[in-house]
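Subject: Structure handover

Hi,

Here is the structure for you to look through. My notes follow below it.

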Amino acid sequence: MQGPTPAADPQSFDRVLSSMCTEPHPAARAAAERFLATNPGDPGTYRTVAELEDRAVELLASLVDHPSPADAAGYVTSGGTEANLQAVRAARDRHAAAHRNGGPGVNVVAPESAHFSFHKAADVLGVALRTVPLDEDHRADIEAMWAAVDDATALVVGVAGTTEYGRVDPIPELGRIASSVNALLHVDAAWGGFLLPFTDHDWSFADAPVDTLTVDPHKFGQAPVPAGGLLARESATLDALAVETPYLETRSQATLTGTRSGAGVAGTVAAMKELWPDGYREAAERAGENAEWLAAELSARGYDVVEPELPLVAAAMPNEEFDALRKAGWRISRTGAGELRIVCMPHVTREMLRALVDDLDRIHT
């Protein structure tokens, strides 16, 4: 089957069904362009973008039900990988500070569904990552999580919107597990954070003793790349990461990358001003309806489909059919178990999904 010529536009999302990034909102794109040459890593010099970052943190804190959005600790990261690494780093350092007289090697306990960034973090930071099996519905297995923690556990990780199946771990129970060994609790809501406020899931600062949380505006938040987010319940958590910056106007920073793009900061504020909450609610509802529609269409054609929880569809599909869709120009991916994986982002329309199903039907004829 001959596929179409790849689009010349490098930012075309016409057939992109695998990405957790999406077309930025026009207001976010315009704001990003205005702040391309600014560096929030040097807030003393770039004061306007520093003030915008304070506003971005406040908006994100409101999104995730932080107890004090106006005073929330956090910053706009390059993405979920940096935010997750920083959460591990903060937990490691706070654990070390609590064991000044010597303590066992630090470990982090996370479900197998945790993003691969935690493997990077463990390698870079020299901590042991203990990954725990999932239950039958692709969530963290609570009994296994209880069994995995000990006095050397610095951080317990829960995922609110897994990258393979869109599942939400039982965050309140993970909070109890973390508290039992005086560990911090981190929630990776990089993708799910802009969807979950419009559901009845328990996942946020208001629902559990969450210490740190990742949420990415450049995913469902429709901000430009790069624009991730890290938030902490207490400023002391980020203070543990601070290093001196003697040659800058400001004397210390808790970020990882130092120089950062003001475009992501400005784009985040612009997108959230335009879309929070009604625009995001409408996008979440539309994405959920599209995921349910696609799941039903695939099920009707005999595919074994994982029932969507958030707008992500996974379905068992023979390799030859998957490859035929790729040759037809569809940007699709597989789960670790090999299933077709489709993410219904804001740019994904019902017409796109109908075209995908039509191509599947042609493959079978």
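Across which strands does α2 lie? Helix α2 lies across β1 and β7 (230–232). The helix runs at about 115° to β1. Angles run from 0 to 180 degrees between N-to-C directions, with axes fitted to C-alpha atoms, for helices over the stretch in contact.

First, the ground rules. This is a predicted model: local features need pLDDT of at least 70, side-chain atom pairs count only at pLDDT 80 or more, and totals for chains, interfaces and linings use all residues. Residues are numbered from 1 along each chain as its sequence is written, and side-chain values use heavy atoms, leaving out hydrogens and water. Helices (H or I, at least four residues) and strands (E, at least two) are DSSP runs, numbered from the N terminus.

The seven-stranded sheet

The sheet is open, with mixed pairing. Its strand order is β1-β7-β6-β5-β4-β2-β3. Two strands count as paired if DSSP finds at least two bridges between them. β1 (73–75) and β3 (128–132) are at the edges with a single partner strand each, so one side of each has no neighbour in the sheet. On average, neighbouring strands are turned by 20° against each other, direction ignored.

β4 (153–159) and β5 (184–188) pair in the parallel sense over five bridges. There, V157 has H186 of β5 as its bridge partner. Helix α3 (80–98) also packs on this sheet, touching β1, β2 (107–111), β4, β5, β6 (212–214) and β7. Its direction makes about 150° with that of β4. Contact means heavy atoms within 4.5 Å.

Helix α8

α8 covers residues 262–275. Of its 14 residues, 12 are buried, so the helix is largely enclosed by the rest of the structure. Buried means under 20% relative accessible area (1.4 Å probe, protein chains only); exposed is over 50%, and partly exposed is in between. Among the buried residues are G262, V265, M272 and L275. The buried residues pack against α1 (26–34), α2 (47–63) and α9 (278–300).

At the helix start, a side-chain oxygen of S261 comes to within 3.1 Å of the backbone nitrogen of A263.

Strand β11

Strand β11 (312–315) is covered on both faces. L312 and A314 are buried on one side, V313 and A315 on the other. β11 pairs in the antiparallel sense with β10 (305–306) over two bridges, and with β13 (340–343) over four. V306 stands opposite A314. L312 has V343 as its bridge partner in β13. A hairpin of five residues joins β10 to β11.

Best wishes

Conventions
Expected span 1.5 Å × (residues − 1). Polar contact = N/O pair within 3.5 Å; in protein donor to acceptor, adjacent residues only side chain to side chain.
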